[in-house]
Amino acid sequence: MVLAELGGRITHAIHQMRNVTIIDEKALNECLNEITRALLQSDVSFTLVKEMQTNIKKIVNLEDLAAGHNKRRIIEQAILSELCKMLDPGKSAFAPKKAKPSVVMFVGLQGAGKTTTCTKYAYYHQKKGYKPALVCADTFRAGAFDQLKQNATKAKIPFYGSYTESDPVKIAVEGVDRFKKEKCDLIIVDTSGRHKQEASLFEEMRQVAEATKPDLVIFVMDSSIGQAAFDQAQAFKQSVAVGAVIITKMDGHAKGGGALSAVAATKSPVIFIGTGEHMDQFEVFDVKPFVSRLLGMGDLSGLVDKLQGVVPKDQQAEYLEKISKGNFSMRMMYDQYQSLLNAGPLSELFSRVPGVSAQMIPSGSEAKIKKYMTMMDSMTNEELDSSTPKAFNESRIMRIARGSGRIVREVMELLEEYKKLAKAFSNMKGLKMAKNGDMSSN
Ligand code: GDP
């Protein structure tokens, strides 16, 4: 994920500053310029980046900082808080309540992932105990109703639409009325998109909104649209009262900076992100953990959540204990690989550990992971269980290579992979989780 690269560059800029002896105007400027370049290249809008730079300089007034103050820490904190500010419009989105009918309307360009996201949103709430329903008011795209119907059926969510009616307003009103009568508490209206922003789309959106009086309008945006994000989001906001944003396709190669721009343009929070085509590849979006992860500072609360999905229940406590001691054994790596092969979201789990970026997950996939696991199968229990494996000597490396039918270079590669991860996990040492999910260290 390219966002990981952005995080890496920002972290690098901060680290560079750690290496200089005196933090003066020049060192600060160099650091901020590097961050500016990284943000611009990740498609964050120029205006936002400039504003952030000015704000950080205001917070970090080097001359005013009394001697003894840790300037680096103040700068780091200012950067973290400014990035959070960019993603936080200062207000939360309307939250539907159970047993009280809410209408949520989805808008966005064609192909943004609107229809898919409607179902994901419905499915997410269904799992939380809501009674959602889907209305297909997209009469523009042939096949839209079939797609929604298929998704809804799979998730066992009631739906409404028509093959013959061409008036989206009529369908939307009929659908909303029907589901209100059926006591659904979350009525989701999927509207038409267009390939590009055009007057007819906005007019249709306005009419559907006027007729259904949604409690919330969600703007769905493809994370790969780049610098166009700000203008696109603003155009939607000017036509309907957008109250929240969902960014899709965060699993792809998108630079992701558009998310920051969309928040600024709509003055609405990002509430979820889409991380794949499947129904459950959908994550609640929280600013602070997101930025912390971006900067490789980890996200302990997310880590615990993910552990629950990946590590067997009876082993979770032990895992957390080991992780918080900074212990990471070869066997833990083996287990993680196993869970990945069983479709567990390994990269999502690892990305929540401070210092671990998505790039650290062996790329090249399943074949590589299987290869690593075969080599680990040739290790002794002692080698697998130690969290400080003594250096594998030449003869052990050769034995492991022979035993697994691989070559020495591959065993060395595996050991390097392990070392990188173990080092990142060692950053967890002493980290404690506060009640609010924030990290603290002792
Ligand atoms: P709409 O025209 O806005 O309704 O878009 P669709 O819901 O039809 O989605 C367009 C394409 O994007 C489909 O192939 C979806 O499977 C895909 N898609 C939607 N969300 C995501 C996502 O979060 N990740 C990935 N990889 N694909 C997605």
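User: How many helices and strands does the chain have?
Analyst: The chain has 19 helices and ten strands. Keep in mind that this model is predicted.

User: And what share of the residues is buried?
Analyst: Of the 442 residues, 41% count as buried.

User: What about contacts with a separation of 6 or more: what share comes from residues 24 or more positions apart?
Analyst: That share is 74% for this chain.

User: OK, on to α10. Why is α10 largely enclosed by the rest of the structure?
Analyst: Helix α10 covers residues 258-266, and nine of the nine are buried, so the helix is largely enclosed. Among the buried residues are G258, L260, V263 and T266.

User: What happens to the backbone just after α10?
Analyst: K267 takes a positive phi there, about 50°.

User: Now β7. Is β7 mostly covered or open?
Analyst: Mostly covered. Five of the five residues in β7 are buried.

User: In which sense does β7 pair with β6, parallel or antiparallel?
Analyst: Parallel, over three bridges. V245 stands opposite V270 of β7.

User: And with β8? In which sense does that pairing run?
Analyst: Antiparallel. β7 and β8 (residues 282-284) pair over three bridges.

User: Which residue in β8 is the bridge partner of I273?
Analyst: E283 is the partner of I273.

Key. Residues numbered from 1 in each chain as written. Predicted model: local features only at pLDDT ≥ 70, side-chain atom pairs only at ≥ 80, totals over all residues. Buried ≥ 20, exposed ≤ 12 C-beta atoms within 10 Å, placed from the backbone. Helix = DSSP H or I, 4+ residues; strand = E, 2+ residues; numbered from the N terminus. Contact = placed C-beta atoms within 7 Å. Pairing = 2+ DSSP bridges.
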